[in-house]
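I opened this notebook to keep track of what I looked up in the model, one topic per entry. The entries follow the order in which I went through the topics.

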Amino acid sequence: MGSTIQITNLRKQFGAFTALHDLDLQIAEGEVVCVIGPSGSGKSTLIRCINLLEPFDPQSKILVGGVPVEAGRNLEKVRADVGMVFQSFNLFPHLTVLRNVMLAPMRVRHLTPVQAEARSRELLARVGIEGQAEKYPGKLSGGQQQRVAIARALAMDPKVMLFDEPTSALDPEMVGEVLDVMKSLAGTGVTMVVVTHEMGFARQVADRVVFMDGGRIVETGTPTQIFDHPQEERTRNFLGAVLNH
Amino acid sequence: MDIFDTFFNVPVLIRTFPLLMSGLWITVQIGVVSIIAGLVLGMVLALVRLYAAPWLQVIAKLYINLLRSIPLLVLLIIIYYALPFVGIRLSPFMSAVSALSLVSGAYTAEIFRAGIEAIPKGQFEASSALGLGYRHMMVDVILPQAIRIVIPPLTNNCINVIKDTALASVVAMPDLLKQATQAQALSANPSPLIGAAIIYVAFLWPLVAAVSRLERRYAKADH
């Protein structure tokens, strides 16, 4: 079976500091992978390398759908196929919610405004925001904004969805609504890579959990393996710290 | 002779009013053309300064610093009186517009650059992550937000350009100031100069007020 994402030897340096030490990771089509680990372990850097928001060592190799992720002509195409949801939403504040979702399909996929609007409204309905389509992002709650951001990424019909701590900037009462949208998305067969501190979500939704620490993948396995029978000392310490309170 | 006859001599003002108006028209023409040319030049310079190849960035930076350092009057006199020695002969109008827009472009470039740099990194990342190319990212996402930020400083710059058009009078351009000094000489009375001053103020006051209003509005929106 071919992997949708193939990461080989991924190394990332910030000056003298090595953020990622020669990681290898394959992610299969339709797989939902949650990446957990302490702050500064390199989780976000890892997924930001997948669409080259972070440049990485030239010796490293990342393939998405068989296409190498590298600077140049192909990069925009790869990025169009890789949706990303950020911790800080990053909606376009000068455009309405609807226009936020419509923009990239029109500019990159060359949909007509009519097609783009129909598709965008459908996606906004799917994330439960259809009533706010004409508002500006600033008028929405954090949870609503993040759901719009998910719709915006989905509008490109991506092969892969990357989530970079999508609920970390949210008020606690809004975390659930975003996780619900992500859960229903996981059921549709989209390949998802989720960096998260929501252990409940990881346990419930992930096909595979990757535990990272110090720029390395320490352990990877099914949620049961990682949460109930962690093999590594560092995994046990981390889970002990985050789950026991 | 009382102060009204000297500075606010109504018959003189009435007689010279058409002259002042023709001068105002020239001033407006110089101002508008220079502002537009300066905006275009400034936008190009700002983008070069931020995103072009490193050697081009250096050239843009040198240009910006040079043109911000040179006194406008000196530049104008060089263009009008010195360039003919190397065969470049510009009309008074073209000389004035060139000097004003070359300098305005340098200031505008710094304003645009500050505006673009004020846009959070997340906006660039979100655009890139969606697969938008550089042109669409700038045109659809970054510049519309940057331009909103830079409207007050840009308007300020426009005010300065319009004020500086008065320097065109030294290259024999019949602008508002030149017409006023001529009218003063003809009528042996300084009222046309006062009239010109009043016209400048009446013309620019609304712009100055608009800038303050915009700045207050944006300051409020930030909180």
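What volume does the largest cavity have? I read a volume of about 40 Å³ for the largest cavity, and I note at the outset that this is a predicted model. The search of the whole structure returned four cavities of 30 Å³ or more. I then looked up what surrounds the largest cavity, and found it lined by Leu72(B), Leu76(B), Ala96(B), Ala99(B), Leu100(B), Asp164(B), Thr165(B), Leu167(B) and Ala168(B). By class I have this lining down as seven nonpolar residues, one polar residue and one charged residue. Two helices of chain B, α4 (72-82) and α5 (92-117), each contribute at least two residues to the lining, and α5(B) gives the most, with three residues.

Taken along the principal axes, the C-alpha atoms of chain B fill a box of roughly 75 × 50 × 25 Å.

How many residues of chain B are in contact with chain A? I found 19 residues of chain B in contact with 21 residues of chain A. The area buried between the two chains, chain B and chain A, comes to about 1,700 Å², and carbon and sulfur atoms give 62% of it. Of the area that chain B buries against chain A, 34% is supplied by Glu125(B), Ala129(B) and Leu130(B), which is more than any other three residues supply.

The rule finds two salt bridges across the interface of chain B and chain A, and I looked at one that joins Asp140(B) to Arg107(A), where the closest N and O atoms are 2.6 Å apart. Counting residue pairs in polar contact, with both residues at pLDDT 80 or more, I get six across the interface. On the side of chain B that touches chain A, α6 (121-129) and α7 (134-164) of chain B each supply at least two residues, and α6(B) gives the most, with eight residues. By class, I recorded seven nonpolar, eight polar and four charged residues on this side of chain B.

Which residues lie nearest the centre of the second largest pocket? They are Arg79(A), Phe124(B), Glu125(B), Ser128(B) and Met137(B), out of 13 residues that line the second largest pocket. The elements that give two or more residues to this lining are α2 of chain A and, from chain B, α6 and α7. The largest share of the lining, four residues, comes from α6(B). I noted about 270 Å³ of space in the second largest pocket, and its lining residues divide into seven nonpolar, two polar and four charged.

I looked up the total and found that the structure holds 20 salt bridges over all chains. I followed up one of them, in which the side chains of Lys159(A) and Asp81(A) meet at 3.2 Å, N to O. Lys159(A) sits in the loop between α5 (142-154) and β7 (160-164) of chain A, while Asp81(A) sits in the loop between α2 (75-80) and β6 (82-85) of chain A, so the pair ties together parts that are 78 residues apart in sequence.

How values were computed. Residues are numbered from 1 along each chain as its sequence is written. Chains are lettered from A and ligands numbered from 1 in the order in which they are written. This is a predicted model: local features need pLDDT of at least 70, side-chain atom pairs count only at pLDDT 80 or more; totals for chains, interfaces and linings use all residues. Side-chain values use heavy atoms; hydrogens and water are left out. Contact means heavy atoms within 4.5 Å. Buried area is the accessible area (1.4 Å probe) that two parts lose on being put together, summed over both. A salt bridge is a side-chain nitrogen of Lys or Arg within 4 Å of a carboxyl oxygen of Asp or Glu. A polar contact is a pair of N or O atoms within 3.5 Å; within protein, one must be able to donate a hydrogen and the other to accept it, and residues adjacent in sequence count only if both atoms are side-chain atoms. Ala, Val, Leu, Ile, Met, Phe, Trp, Tyr, Cys and Pro count as nonpolar, Asp, Glu, Lys and Arg as charged, and the others, Gly among them, as polar. On a 1 Å grid over the protein atoms alone, a cavity is a set of points where a 1.4 Å probe fits but cannot get out, and a pocket is an open set with protein on both sides within 12 Å along at least five of seven lines; lining residues have an atom within 4 Å of a point. Grid points are joined across faces, edges and corners, and a volume is the space filled by probe spheres set on the points.
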